[in-house]
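Notebook open, model loaded. I'm jotting things down in the order I looked them up.

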Amino acid sequence: GLRASDILWKGMLEKERAIRAGDLVQLKSSEGAWEVSLNVIAQQDAYIGDVIGLKNPKTNNILMGQVVGRGEVELR
């Protein structure tokens, strides 16, 4: 427990995972007025801002993407 006057350090906070390994997530890539999206499988647990490996279930290719939200990744 903390008192009202205690300092709250960054290391004391727990972040919520945005993605778990094995989740089906939406991979997006956009430029200008167009946007393309693809459903892929996350290869690891991740938080917002993390760069992770993603597997395309149709081709088994591995892509890299940055987590931008819960279940959402941008192609990198």
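Which residues does Leu75 touch, not counting residues up to four places away in sequence? I looked, and the list is Leu27, Lys28, Ser29, Leu63, Met64 and Gly65. Before going further, a reminder to myself that this is a predicted model.

**Entry: Leu75, continued**

I placed Leu75 in strand S5, which covers residues 72–75. Strand S1 takes in residues 24–31, and strand S4 is 62–69.

**Entry: confidence**

The mean pLDDT of the protein chain is 93, and 100% of its residues reach 70 or more.

**Entry: the overall picture**

I counted zero helices and five strands in the protein chain. Read from the N terminus, the order is β-β-β-β-β. The radius of gyration is 16 Å, well over the 11 Å that the globule rule gives for 76 residues, so I'm writing the chain down as more spread out than a compact globule. The C-alpha box is roughly 55 × 30 × 15 Å along the principal axes.

How much of the chain is buried? I have 20% of the 76 residues down as buried. The accessible surface comes to about 5800 Å², and 49% of that belongs to carbon and sulfur atoms. On contacts between residues at least 6 apart in sequence, I noted that 30% join residues at least 24 apart.

I moved on to Lys55, which sits in strand S3. Its relative accessibility is 29%, so Lys55 goes down as partly exposed. What does Lys55 touch, once residues up to four places away in sequence are set aside? I listed Val40, Ile41, Gln43, Asn60, Asn61 and Ile62.

Next up was Asn56, found in the loop between S3 and S4. Asn56 has a relative accessible area of 11%, so I filed it as buried, the cut-off being under 20%. Beyond its neighbours within four places in sequence, Asn56 is in contact with Leu38, Val40 and Asn61. Val40 and Asn61 are also on my list for Lys55.

I flagged its backbone: phi is positive, about 65 degrees, although Asn60 is not a glycine.

**Entry: Trp9 and the rings**

Where does Trp9 lie? I found Trp9 in the segment before S1. Its relative accessible area is 56%, so Trp9 is exposed. Trp9 and Gly65 are 56 residues apart in sequence, and I get 29 Å between them, C-alpha to C-alpha.

I then searched for aromatic pairs and came back with zero. A charge over a ring did turn up: Lys15 lies over the face of Tyr47, at 4.6 Å from the ring centre.

Terms used
Residues are numbered from 1 along each chain as its sequence is written. This is a predicted model: local features need pLDDT of at least 70, side-chain atom pairs count only at pLDDT 80 or more; totals for chains, interfaces and linings use all residues. Side-chain values use heavy atoms; hydrogens and water are left out. Rings of Phe, Tyr and Trp (its six-membered ring) pair if their centres lie within 6.5 Å; planes under 30 degrees apart count as stacked, over 60 as edge-to-face and the rest as tilted. A charge sits over a ring if NZ of Lys or CZ of Arg is within 6 Å of the ring centre and within 35 degrees of the ring normal. pLDDT is the predictor's confidence in each residue, from 0 to 100. Helices (H or I, at least four residues) and strands (E, at least two) are DSSP runs, numbered from the N terminus. The radius of gyration is taken over C-alpha atoms; the globule rule is 2.2 Å times the number of residues to the power 0.38. Buried means under 20% relative accessible area, exposed over 50%, partly exposed in between (1.4 Å probe, protein chains only). Contact means heavy atoms within 4.5 Å. Accessible areas come from the Shrake-Rupley method with a 1.4 Å probe; for residues, only the protein chains shown count as cover.
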